[in-house]
Amino acid sequence: MQTFSKKTAIIVIVVFVVFLASLFWVIIRKTSKPKVVIEEVEEVVEDTYQVIGKSVQGRDIEAYTYGKGETRVLFVGGVHGGYEWNSILVAYNLMEYLEANPEVIPESISVIVVPNLNPDGSYKIVGKEGIFLQSDVPSGNVSAGRFNANGVDLNRNFDCKWQPKSTWQSKTVSAGSKPFSEPESGALRDLILNKKPKAVIFWHSQGGAVYASQCENGILTETIDIMNAYAKASGYPADETYDAYQTTGDADAWLARIGIPSITVELRTHENVEWEQNLRGIKSVLQYFGGK
Ligand SMILES: [Zn+2]
């Protein structure tokens, strides 16, 4: 009897210990939650340097971003390559200026600069990639540098009233096989659709005026505003329509079509950068969007 009760007591104790151990294990499991992996929240910072595409001959088409604001303003030079090399140097001047004077960019603004949309066209004339000096540009006829390496006028290759043949002054030029058939115009389209800039400013030469943009639906109000702001600040006259000759497939007209304000600034000459007056124009556009 005594043996039996001893046995029973041992069994009871063992069962009790096992029960306690199980309970303890369950409690431990419940209270020690799996470790939460804390991911560091990174600030969303724009890439300050981006290759947005390659030219026909494989040269990089580059974009540089300054400032951290949500409102993006895009500046584009070199659509007409080496023929309008001064439009490329305006863009490089701006990049240098923003690096040295970042405080001129309003807090709400990011400035994106594509200094040279047509690097094959500029290479043909200047013989250099990236930044160059005015002294690198040969004297003489540079008009062959206007086109990309397929012989296409890029400012006729965008999707507004596109035609396979278009005009440049009294000449007929190729506008490509369809809108955005060229890698250079495609790269700019993709950048714009991706970044959704609030406005796009193109530099060309040598119309000596600031032009508004339009496709089928007239001129956007903000286009008129920035045209007038840039014109007033720079001293170039403002012109609502480019009527020197009929063109099709213009880059800024495509922007009007998709509802993005855009102006074309035509420098006065093919030979000078006209930096100071363009800097005043640029600042007026940044103030226009940054002051809001
Ligand atoms: Zn041009």
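Biologist: Which value does phi take in K161?

Modeller: Phi of K161 is near 55°, again positive in a residue that is not glycine. K161 is found in the loop between helix 3 (119-126) and strand 5 (165-168).

Biologist: How do you know whether K161 is buried, exposed or partly exposed?

Modeller: K161 has 18 C-beta neighbours inside 10 Å. Burial needs 20 or more, and exposure needs 12 or fewer; therefore K161 is classed as partly exposed.

Biologist: What joins S205 and Q206?

Modeller: A cis peptide bond joins them, with omega at about 10°. Q206 belongs to the loop between strand 7 (199-205) and strand 8 (209-211).

Biologist: How is the packing of helix 5 and helix 7 described?

Modeller: Two packed helices are described by the angle between their axes and the distance between the axes. For helix 5 (residues 221-234) and helix 7 (residues 275-290), the angle is about 145° and the axes are 7 Å apart. The crossing of these helices is right-handed. Residues making the contact include I226 and Y230 of helix 5, and V285 and Y288 of helix 7. By class, the contact has six nonpolar, five polar and four charged residues.

Biologist: Which residues have the most contacts inside the largest nonpolar core?

Modeller: They are V76, V113, V200, Y230, I263 and V285, in a core of 71 residues. Helix 2 (residues 85-100) gives the most to this core, with seven residues.

Biologist: What does I263 touch?

Modeller: Leaving aside residues up to four places away in sequence, the residues that I263 touches include I226, M227 and Y230.

Biologist: How confident is the predictor in the protein chain?

Modeller: The mean pLDDT is 91, and 90% of the residues reach 70 or more. Over residues 33-38, however, the pLDDT is below 50, and this stretch has zero contacts in the model beyond near neighbours in sequence. Where pLDDT is low, the predicted coordinates should not be read in detail.

Methods:
Residues numbered from 1 in each chain as written. Predicted model: local features only at pLDDT ≥ 70, side-chain atom pairs only at ≥ 80, totals over all residues. Axes fitted to C-alpha atoms, helices over the stretch in contact; angles between N-to-C directions. Helix = DSSP H or I, 4+ residues; strand = E, 2+ residues; numbered from the N terminus. Left-handed = near helix turned anticlockwise from the far one by under 90°. Contact = placed C-beta atoms within 7 Å. Nonpolar A, V, L, I, M, F, W, Y, C, P; charged D, E, K, R; others polar. Core = buried A, V, L, I, M, F, W, Y, C linked by C-beta atoms within 7 Å. pLDDT = per-residue confidence, 0-100.
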